[in-house]
Amino acid sequence: MGGSGGGFFPNPDINRQLRESETETRNQQFESEVSGIINSLLADYNNRDVLVIQGHLDAIKSALEQEIDGTVDILYGGSVAKHTYVDGISDIDALVLIDKSELKDKSPAEVKKYFFERLQVRLPRTKIGQGNLAVTVEFRDSEIQLLPAIRHESGFKIADFTGNNWSAIKPVEFTSLLTGINQNLGGKVVPTIKLAKSIISELPENQRLSGYHVEAIAVEVFQKYQGSKKSKDMLKYFFDEASRQVLRSIRDTTGQSMHVDDYLGSVNSADRNKISKSLDRISRRLKNADGAQSIDQWRDILD
């Protein structure tokens, strides 16, 4: 008896398309979950209670104005002005503008001494410190550094490295540069800086970068960035580039110092190499988490 047999012969094109579709679905799910973790963290950072900070600054302003004629104005500086503040990680630097006050004719050291003494009297339960350039006020939820400043034709003057003479600075220049780069990249640079600061804060203290240094590196590495604008991808790029960038010096555009990273010593110093290795380890962890599509690894790095 003759007959024809039937059989199922899989179509290789259909199987390939199914595999590609499954892979794409897994990729999309992974990207979505990591994005959710990142967005949740950024929401926590952005929920910083600005009213609390403003209340502290108002108390400081009131204390400093108590016994002088004229006014004292406090201008945001540091990470607050640049919107890169992360609670518990960044310091708050504030320029205390003493224009139109009898204090403007005194030396920076005399003004700083006045700040220190007045704040000790008016805020007796708050820890007040005095450094070479600034007075530091340590509240329970934040630390505020107060830099005496006077107006200058190109911006402001603060104390020079000796603490005794006025020196011109341009604090707005760096903020404007960072703002422009952030806008050019769809507002993704500032969130990347916040995430990077949070990760770096988990390193041993002698391996951490200052907040300003993190911001300066971000400006350097993202000025000509052409890659993906996903926070995850930009974070990987930041750490990959930062591990090399930290070995070099970055000029301080504000004029407060010669370089933003003078605290790490000369180019290729031992301190720079130590931090470079730490940043490289973070970079490799991020790449491995992505390569393995591991949500748990990403969460371990970010949390």
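Reader: What percentage of the 303 residues of the chain count as buried?
Author: 43% of them. Bear in mind that this is a predicted model.

Reader: How many helices and strands does the chain have?
Author: Ten helices and seven strands.

Reader: And the accessible surface of the chain, what does it come to?
Author: About 16,300 Å². Carbon and sulfur atoms hold 47% of that surface.

Reader: What share of the contacts with a separation of 6 or more comes from residues 24 or more positions apart?
Author: Such pairs account for 61%.

Reader: Now H9 and H10. At what angle do they pack?
Author: About 155°. H9 covers residues 270-291 and H10 covers residues 295-302. Their axes are 8 Å apart.

Reader: Roughly parallel or roughly antiparallel?
Author: Roughly antiparallel. Angles over 145 degrees count that way, so this pair qualifies.

Reader: Left-handed or right-handed crossing?
Author: H9 passes H10 in a left-handed crossing.

Reader: Which residues make the contact?
Author: From H9, Arg285, Leu286, Asn288, Ala289 and Asp290. From H10, Gln297, Trp298, Asp300 and Ile301.

Reader: How do those residues divide into nonpolar, polar and charged?
Author: Four are nonpolar, two polar and three charged.

Reader: What about the loop between H9 and H10, which residue lies there?
Author: Gln293 is one of the residues in that loop. Its phi is near 50°, a positive value in a residue other than glycine.

Reader: Where is Asn268?
Author: Asn268 sits in the loop between helix H8 (231-245) and H9. Asn268 is not a glycine, yet it has a positive phi of about 60°.

Reader: Is Asn268 buried or partly exposed?
Author: Partly exposed, because its relative accessibility is 48%. Exposed would need over 50%.

Reader: And Gln293, buried or partly exposed?
Author: Also partly exposed, with 32% relative accessibility.

Reader: Back to H9. Where is Ser278, and is it buried or exposed?
Author: Ser278 is in helix H9. At 1% relative accessibility, Ser278 counts as buried.

Definitions and conventions. Residues numbered from 1 in each chain as written. Predicted model: local features only at pLDDT ≥ 70, side-chain atom pairs only at ≥ 80, totals over all residues. Heavy atoms only, no water. Axes fitted to C-alpha atoms, helices over the stretch in contact; angles between N-to-C directions. Helix = DSSP H or I, 4+ residues; strand = E, 2+ residues; numbered from the N terminus. Parallel < 35°, antiparallel > 145°, perpendicular 65-115°, else oblique. Left-handed = near helix turned anticlockwise from the far one by under 90°. Contact = heavy atoms within 4.5 Å. Nonpolar A, V, L, I, M, F, W, Y, C, P; charged D, E, K, R; others polar. Buried < 20%, exposed > 50% of the residue type's maximum accessible area, 1.4 Å probe, protein only. Areas by Shrake-Rupley, 256 points an atom, 1.4 Å probe, with all protein chains shown as cover.
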